[in-house]
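Thanks, I will keep this short.

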Amino acid sequence: QACPQPIEIDMSNINNIVFYKTAYYHKTCFCDLAQQKAASKRGKPADWQYALDNVSELEIDAKNRLEYPFIKDSFNEYLLANYNVVAVPDRLWEVAGALEKGIYKRKKCKPISIKILYETWQWGQHKLNKINRQNKMGHKGPINDEDRILYDLAILVSKVPNYLAHKAKLEALQAEAQKETKINRIDYDNIHQVKVES
């Protein structure tokens, strides 16, 4: 943290926090500092100007960094609750870390955040359970749930585009529903009573 004032974080709503180089800042403090540094002839004013011009990206980065340990903990608890394992295999976290960097099976891929991987897993869990039942009936597939987690991970990575399309469709429907409720809402504050005299 680079700001003199403490930074309070509400994990359900992380906003107005910026991560730049190695430190966190309040967004307003960062913008003030960046404007000063960009106007200065010392240091690297071009870097500060670039940061100032891209402050929204720095805010997204801060949010992702701050959310990560909480999402990972929730994801870990979810897997422990849905699979018969004492601990989630380290290999899963290695693959998840590589996916975030845009690498899968030593090849370049679209980066997939741990948050999207977790959401995809929840979305696809019923299908994964169905595949597991079919595998057991056919005496094939992973022999234990530790292996099954990695098996399911391989299935889900290929299904991320399907999940993202599903998520986008839901968000569009929600936006449309909100738009309709705004249109149909009556503003009672603008309605005036008129005294009727007979």
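One term first: a residue is called buried when its relative accessible area is under 20%, exposed when it is over 50%, and partly exposed in between. Please also keep in mind that this is a predicted model.

With that cut-off, take Gln125, which sits in helix α5. Is Gln125 buried or exposed? Its relative accessible area is 6%, so Gln125 is buried. What is Gln125 in contact with, once neighbours within four places in sequence are left aside? The partners are Tyr78, Asn82, Tyr83 and Arg148.

Not counting residues up to four places away in sequence, Ile131 touches Tyr151 and Ile155. Between Ile131 and Gly141 there are 9.1 Å, C-alpha to C-alpha, for a separation of 10 residues in sequence.

Now the overall layout. The protein has six helices and four strands. In sequence order they run β-β-α-α-α-α-β-β-α-α. The protein has 198 residues, of which 31% count as buried. The exposed surface comes to about 14400 Å², and 52% of that is supplied by carbon and sulfur atoms. If we take the contacts with a separation of 6 or more, 55% of them are between residues 24 or more positions apart.

Back to α5, this time with its neighbour α4. Two packed helices are described by the angle between their axes and the distance between the axes. Here, α4 covers residues 90–100 and α5 covers residues 114–137; their axes come within 9 Å and cross at roughly 120°. The two helices are therefore oblique to each other. On the α4 side, the contact is made by Leu92, Trp93, Ala96, Leu99 and Glu100. On the α5 side, Ile114, Leu117 and Trp121 take part. By class, that contact has seven nonpolar residues, one charged residue and no polar ones.

In soluble globular proteins, nonpolar side chains tend to be buried together. The largest nonpolar core in this model has 25 residues, and the members that touch the most others are Phe75, Leu79, Leu92 and Trp121. Which helices each supply at least two residues of this core? They are α3 (55–82), α4, α5 and α6 (145–184). Of these, α5 gives the most, with six residues.

Last, two backbone points. Most residues other than glycine have a negative phi. Asn16 has a positive phi, near 60°, and is not a glycine. Asn16 is found in the segment before β1 (17–20), and at 46% relative accessibility it counts as partly exposed. Lys105 is another non-glycine residue with a positive phi, about 50°. Where is Lys105 found? It is in the loop between β3 (103–104) and β4 (107–108). Its relative accessibility is 63%, so Lys105 counts as exposed.

That is what I had for today.

How values were computed: Residues are numbered from 1 along each chain as its sequence is written. This is a predicted model: local features need pLDDT of at least 70, side-chain atom pairs count only at pLDDT 80 or more; totals for chains, interfaces and linings use all residues. Side-chain values use heavy atoms; hydrogens and water are left out. Buried means under 20% relative accessible area, exposed over 50%, partly exposed in between (1.4 Å probe, protein chains only). Contact means heavy atoms within 4.5 Å. Accessible areas come from the Shrake-Rupley method with a 1.4 Å probe; for residues, only the protein chains shown count as cover. Axes are lines fitted to C-alpha atoms, for helices over the stretch in contact, and angles run from 0 to 180 degrees between N-to-C directions. Angles under 35 degrees count as roughly parallel, over 145 as roughly antiparallel, 65 to 115 as roughly perpendicular and the rest as oblique. Ala, Val, Leu, Ile, Met, Phe, Trp, Tyr, Cys and Pro count as nonpolar, Asp, Glu, Lys and Arg as charged, and the others, Gly among them, as polar. A nonpolar core is a set of buried Ala, Val, Leu, Ile, Met, Phe, Trp, Tyr and Cys residues joined through side-chain atoms within 4.5 Å.
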